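Q: Could we go through this model feature by feature, taking the general idea before the particular case?

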Amino acid sequence: MTQAVVLFGSPGSGKGTQASLLKDCLKVPHISTGDMLRAHVRNGNALGVRVADTLQSGFLVRDEVVNQLVEQRLADPDAQSGFILDGYPRTRDQAEHLCGWFDGRGIRELVIHLIVDYNVIVTRLTGRRQCPRCGTLYNIVSNPPRKEGVCDLDGTPLVVRNDDRESVIRQRLAAYESQSRPLIDFFREKGRRLFEIDASDQTPEALLFQVCRTIRAPEAGQPALSG
Ligand code: ADP
């Protein structure tokens, strides 16, 4: 059985942190469209050049581009027993595309919606720092590195991601509200397996415990009732 987990939630809801903890538990790859797109930008290839401005401004990259990227990645050998999707789908077109892909393969995905209070999100995003070498995320308030300004794992000076500037954060949150949040109703209407976890006020480890419990026994969990 393919273990397909879709982590859904606003920017700053902790999807990336959960996905990277979860991949070690489930032994399946963490597939983040944001990370994939940023890798193309860093490589400076044709796709990277095309999407760089969109990423910098906080708007969404075109559906055809992202759909193709994900489909190619899901065909890789390491994704055959399962995967964790982080940051995809984000629009109705992407969700329809993905659900069609799942249905064509008889895969029953599990969508986990991490719910986080709007003010907590803004604090998290403005305090976010990242190691440019290994990608580890920190937060100057809630999850600071041991030594100020440098990565615990490799000592590299931490940076503010370009799209974590305030005006861009506002645009990313606006894109989430108008294009992504409505997918909660889409998943529900289509009878997909959707579960919600309150992730506002928990350590990453405590949240991981709940996420794992939901994945191990989804039928015993609380299905999502409200958007
Ligand atoms: P966050 O969830 O914090 O906004 P991500 O790393 O997931 O950060 O995404 C960064 C940027 O990459 C987005 O603002 C958008 O421009 C682009 N992106 C990522 N995933 C998608 C997607 N599924 N569809 C369209 N654009 C995407």
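**The ligand and its surroundings**

A: Around the ligand there are 19 residues, of which Thr33, Phe59, Gly87, Gln94 and Arg172 come nearest; a residue is near a molecule if one of its heavy atoms lies within 4 Å of it. This is a predicted model, in which local features need pLDDT of at least 70 and side-chain atom pairs count only at pLDDT 80 or more, while totals for chains, interfaces and linings use all residues. Residues are numbered from 1 along each chain as its sequence is written, and side-chain values use heavy atoms, with hydrogens and water left out.

Q: How do the residues of the shell around the ligand divide into nonpolar, polar and charged?
A: For this division, Ala, Val, Leu, Ile, Met, Phe, Trp, Tyr, Cys and Pro count as nonpolar, Asp, Glu, Lys and Arg as charged, and the others, Gly among them, as polar. Here the shell holds eight nonpolar, four polar and seven charged residues, and its largest share, four residues, comes from helix α2 (residues 33-43). Helices (H or I, at least four residues) and strands (E, at least two) are DSSP runs, numbered from the N terminus.

Q: At what angle do helix α1 and helix α9 pack?
A: Two packed helices are described by the angle between their axes and the distance between the axes. Helix α1 (residues 15-26) packs against helix α9 (residues 204-216) at about 55°, with the axes 10 Å apart; the axes are lines fitted to C-alpha atoms over the stretch in contact, and angles run from 0 to 180 degrees between N-to-C directions. α1 is therefore oblique to α9, since angles under 35 degrees count as roughly parallel, over 145 as roughly antiparallel, 65 to 115 as roughly perpendicular and the rest as oblique.

Q: Where is Pro89 found?
A: Most peptide bonds are trans. Pro89 sits in the loop between β3 (82-86) and α5 (92-105), and the peptide bond from Tyr88 to Pro89 is cis, with omega near 0°.
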